[in-house]
Amino acid sequence: MAKRGKLEIMQNILNIIQQNHSSIKITPLIRRSNMSSTRFKKYYLELLEKGFINEISSHKNKLVSLTEKGERFLERYKTIINFIKEFEL
Amino acid sequence: MPFGTGRMIFEGFAGPPFRNLFKLGIGTELFYSFVIITCSLMVYYGTKELYELSSYKGIKYFRQAFLFFAVAYFFRSIIKFLLLYFGLNELINFSPITFGAFGLLTQLLFVYFSSMAIFYLLYSVMWKKWNQSSYNIYLLNIAAFVIAFVSILSKNHFVHFGLNVFLLLIVIFVVYVSYKNKKKGHNLYLIYLLWSIFWILNIIDILIPNLFQGLQLFIYIASTITFLLILYKVIKNVGAN
């Protein structure tokens, strides 16, 4: 269950970025993801490592943007979850 | 081309060993292996993107199971070819100085990959319930190697049969435990169970060839149907991609 929860959390974070025209500042992203900053950091680093998001520094702000791979994850999320359920994985 | 070369080539291919080969249905064997290997690889590559995006362990073990099935079937085809070509019943009948060592190595790899394929399939369903340690996979690999070594070291058919019945009992136990905890019936377990039964019959068919004389075609058809059923379920869920 923990891992499925993890996929869901990742999808939530990516969804927030997508709803914000695919880029958002980090503070509102933490706030809208409803997680503690420690917990958020863990998922955030994983999303960065997997190449689902990018960090863009412009002026004084640090923006988080969705990559093509991140968009593909959102597109295929339902398929992944259905597949896991169907095969009881 | 020297005179008579054509006839020599023809005799080479249609001489006693090859005549035997065609008589015993190498076409059926090749077609069967081709279908199973293709189905397995289609499942493996069809789920590649889902795994790359999710890194989900259950999908990883599920894919590994099919990759190992494909490799096992490749070695199975080699064994069948050798047996049919030399008109032998069992690999142990090979002379050690001709194909004996090659045949035994192929058998070792076939039994190892077959056992691991079944273990991976079970693990893909059970990994969350078991202690999620990476040692589990090492232990399963060791178990598969032990089974493979026993299968080549022992010339006793009862040992081969007993090992595979033991494997089947493990599958039935795992399927039963998983099925018992489900509120609603799930036909997947039935498919897995049938699949494991036919797979183990395939292993026994290689290790003790005369045991299922006359039932071979039935085992082949039933195994193909179960593989196609799982492939259909995968394609339905994954989509055209």
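## A buried glutamate in chain B

B:Glu29 is buried, at 8% relative accessibility. The model is predicted. The burial call follows because the cut-off for buried is under 20% relative accessible area. B:Glu29 has salt-bridge partners in its own chain. One of them is B:Arg76, and the two side chains meet at 3.4 Å, N to O. B:Glu29 lies in helix α3 of chain B and B:Arg76 in helix α5 (residues 57-86), so this pair ties together parts that are 47 residues apart in sequence. B:Arg76 is buried too, with a relative accessible area of 0%.

B:Lys80 also forms a salt bridge with B:Glu29. Here the closest N and O atoms are 3.7 Å apart. The distance qualifies because the rule asks for a side-chain nitrogen within 4 Å of a carboxyl oxygen. B:Lys80 sits in helix α5 of chain B and B:Glu29 in helix α3, so the pair ties together parts 51 residues apart in sequence. Both B:Glu29 and B:Lys80 are buried.

## The salt-bridge network between chains

Which residues are joined into one network by salt bridges that share partners? They are A:Arg72, A:Glu75, A:Arg76 and B:Glu49. B:Glu49 forms a salt bridge with A:Arg72, with the closest N and O atoms 2.4 Å apart. B:Glu49 also meets A:Arg76 in a salt bridge, at 3.1 Å from N to O. B:Glu49 lies in helix α4 (residues 48-54) of chain B and A:Arg76 in helix α4 of chain A, so this pair joins two chains.

A:Arg76 counts as buried, at 8% relative accessibility. The two fall into separate classes because buried means under 20%, while partly exposed runs from there up to the exposed cut-off of 50%.

## The interface of chain A and chain B

Chain A and chain B bury about 2,200 Å² between them. Carbon and sulfur atoms account for 61% of that area. The contact takes 20 residues from chain A and 26 residues from chain B.

Polar links cross this interface as well. Seven residue pairs are in polar contact between the two chains, both residues at pLDDT 80 or more. Three salt bridges span the interface. On the side of chain A that touches chain B, α1 (2-19) and α4 (68-86) each supply at least two residues. Helix α4 of chain A gives the most to that side, with eleven residues. Over all chains, the salt-bridge count comes to nine.

## Chain B as a whole

Chain B has ten helices and zero strands. From the N terminus on, its elements run α-α-α-α-α-α-α-α-α-α. The chain has 241 residues, and buried residues make up 50% of them.

How much of the contact set in chain B joins residues at least 24 apart? The share is 74%, among contacts between residues at least 6 apart in sequence. Chain B exposes about 12,500 Å², and carbon and sulfur atoms supply 72% of this area.

B:Ile26 is found in helix α3 (residues 26-46) of chain B. B:Ile26 is buried, with a relative accessible area of 7%. The C-alpha atoms of B:Ile26 and B:Leu84 are separated by 7.5 Å. These two residues are 58 residues apart along the chain.

B:Thr106 belongs to helix α6 (residues 96-126) of chain B. B:Thr106 is buried as well, at a relative accessible area of 3%. Which residues does B:Thr106 touch, not counting those up to four places away in sequence? The contacts are B:Phe75, B:Ile78 and B:Ile79.

B:Phe161, B:Val165, B:Leu169 and B:Ile172 make a nonpolar surface patch of about 310 Å². B:Val165 lies in helix α8 (residues 157-180) of chain B. At 33% relative accessibility, B:Val165 counts as partly exposed.

Definitions and conventions
Residues numbered from 1 in each chain as written. Chains lettered and ligands numbered in written order. Predicted model: local features only at pLDDT ≥ 70, side-chain atom pairs only at ≥ 80, totals over all residues. Heavy atoms only, no water. Patch = residues over 30% accessible without salt bridge, like charges linked within 9 Å, V, L, I, M, F, W, Y side chains within 5 Å. Areas by Shrake-Rupley, 256 points an atom, 1.4 Å probe, with all protein chains shown as cover. Helix = DSSP H or I, 4+ residues; strand = E, 2+ residues; numbered from the N terminus. Buried < 20%, exposed > 50% of the residue type's maximum accessible area, 1.4 Å probe, protein only. Contact = heavy atoms within 4.5 Å. Buried area = accessible area lost by both parts, 1.4 Å probe. Polar contact = N/O pair within 3.5 Å; in protein donor to acceptor, adjacent residues only side chain to side chain.
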